[in-house]
Amino acid sequence: MTRFHIATTIHQGKGSLSHLADIGAQRVLVVTDSFMATTPTMDAVRRHLGRAEITVYDGVTPDPTVTEVSAGVEAYLVSDPDTVIALGGGSPLDAAKAICKVAAEHGDAPKNGLVAIPSTSGSGSEVTTFAVVTSHNPTRKMVLVSDDMAPAMAILDPEVTRTLPKSMTADTGMDAMTHALESYVCTERNDFSDAFAEKASQLIFGNIETACREPDNLEARERMHNASAMAAMAFDNSGLGIVHSISHALGARFGKPHGRLNAVLLPTVMEFNAGPVTYGPHGISEVADRYAHIAHLIGLEASTRRNLALALCAEIRRIRTAIGIPDTLTGLGIDKAELKAAIPDLVAGALEDTCTPPNPVAPTADDLAGIIAKVS
Ligand SMILES: NC(=O)c1ccc[n+]([C@@H]2O[C@H](COP(=O)([O-])OP(=O)(O)OC[C@H]3O[C@@H](n4cnc5c(N)ncnc54)[C@H](O)[C@@H]3O)[C@@H](O)[C@H]2O)c1
Ligand SMILES: [Fe+2]
């Protein structure tokens, strides 16, 4: 038995930011980062909120920390908002979710809830019940999960992503691709999550290169923005896998962009999940067959299901290169010796990550160390 749940009302399309005017907000806390706070989008948010009293907390940095969430809670207590608006990529969105969760735990949830305005097409945090917050001592990315953390409303306006540089469009798009593909093979997958993962895959494979190459192509941007939310609805109602577990451990340790780490890991983890024995000439595993189905849906052709599954991994490697993402961790600037020394810690972090149990193959510590070594 499975449950499929979407708690967020979605407004999408060019101009959808104007729906902010319909909320009737009187006192608003905007949670964002120092870059987004200075963009024309922030000006547009102010315009659409009319006479509402607005407090801006712009102290969120990529991969938000417990300290940043605490500072946001202070801003919340001082401003006493009826509406919280999260503006930015996954980091401000996650920070805002954690801030609202703390407020709710104290019986002080904002009356109109949380409105998420994603400015990247990647995390999908605007529709999920997850928030990722980094702790220190030890340095770990903690995945917080709670039904009431899903934003009440998400506004998917592609205009908001127009300023996203090519490298970030690439990184975040690969995050969305990873969400769709990890959801599609995880142990908790179901017909409903599959539907969203399949559609998201088609949109991402069909548009990621254009979105990177043509930053002003709003149609490609809109497709990527929608796909990111769809992939998130899929994984929020199924699960992820060890691309994310390893990526969380690497991100906490080396501070590289989440989506770029996923991109380096994705095809190698897919080959691991497809299985060393059954992924051979005598038949393919169920996981490999599902990769073959995605390959078929995105228009790849091959003479056998096995070759189709292989073609999907090859296509991901091709796209990764085409959009300028290196294929190794050292290529991302991580020192090889430091990486080697960190492997036991990284493996320990990945093993206890909440994304590991739904991975279709339960990995051993050696498996995880082997995957990290392969992509070093
Ligand atoms: N909650 C979830 O369900 C979920 C899922 C996946 C990832 N995450 C988390 O999301 C975070 C990553 O989020 P992200 O990749 O969206 O990026 P981010 O929020 O960390 O932002 C990365 C950088 O991009 C900049 N940026 C954002 N939007 C921009 C725009 N439109 N134009 C120009 N610059 C812009 C930001 O200022 C920042 O410098 C990680 O912490 C990850 O763990 C959460
Ligand atoms: Fe992710």
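This is a predicted model: local features need pLDDT of at least 70, side-chain atom pairs count only at pLDDT 80 or more; totals for chains, interfaces and linings use all residues.

Me: Why is Asn-207 called buried?

Reply: A residue is buried if 20 or more other C-beta atoms lie within 10 Å of its own. Asn-207 has 22 within that distance, so the label buried applies. This residue is found in helix H5, which covers residues 191-213.

Me: Which residues is Asn-207 in contact with, leaving aside its neighbours within four places in sequence?

Reply: They are Ala-220, Arg-223 and Met-224. Contact calls for C-beta atoms within 7 Å.

Me: What makes H8 largely enclosed by the rest of the structure?

Reply: Of its 17 residues, 15 are buried, so H8 is largely enclosed.

Me: Where does H8 have a kink?

Reply: The kink lies at Leu-266, shortly before the proline Pro-267, and is about 40°. End to end, H8 (residues 258-274) still reaches 23 Å between its first and last C-alpha, close to the expected 24 Å. Just after the helix, Gly-275 has a positive phi of about 100°.

Me: How do you know that ligand 1 lies between domain 1 and domain 2?

Reply: Both domain 1 (9-161) and domain 2 (166-374) give residues to its shell, so ligand 1 lies between them. That shell has 31 residues, and the closest include Pro-62, Gly-89 and Ser-119. Among the elements giving two or more residues are helix H3 and H8, and H3 gives the most, with 4.

Definitions and conventions. Residues are numbered from 1 along each chain as its sequence is written. Chains are lettered from A and ligands numbered from 1 in the order in which they are written. The expected span of a helix is 1.5 Å times one less than its number of residues. The bend at a residue is the angle between axes fitted to the seven residues ending there and the seven starting there. A residue is buried if 20 or more other C-beta atoms lie within 10 Å of its own, exposed if 12 or fewer, and partly exposed in between; C-beta atoms are placed from the backbone. A residue is near a molecule or strand if its C-beta atom, placed from the backbone, lies within 6 Å of it. Domain bounds come from an automatic or database domain assignment. Two residues are in contact if their C-beta atoms, placed from the backbone, lie within 7 Å.
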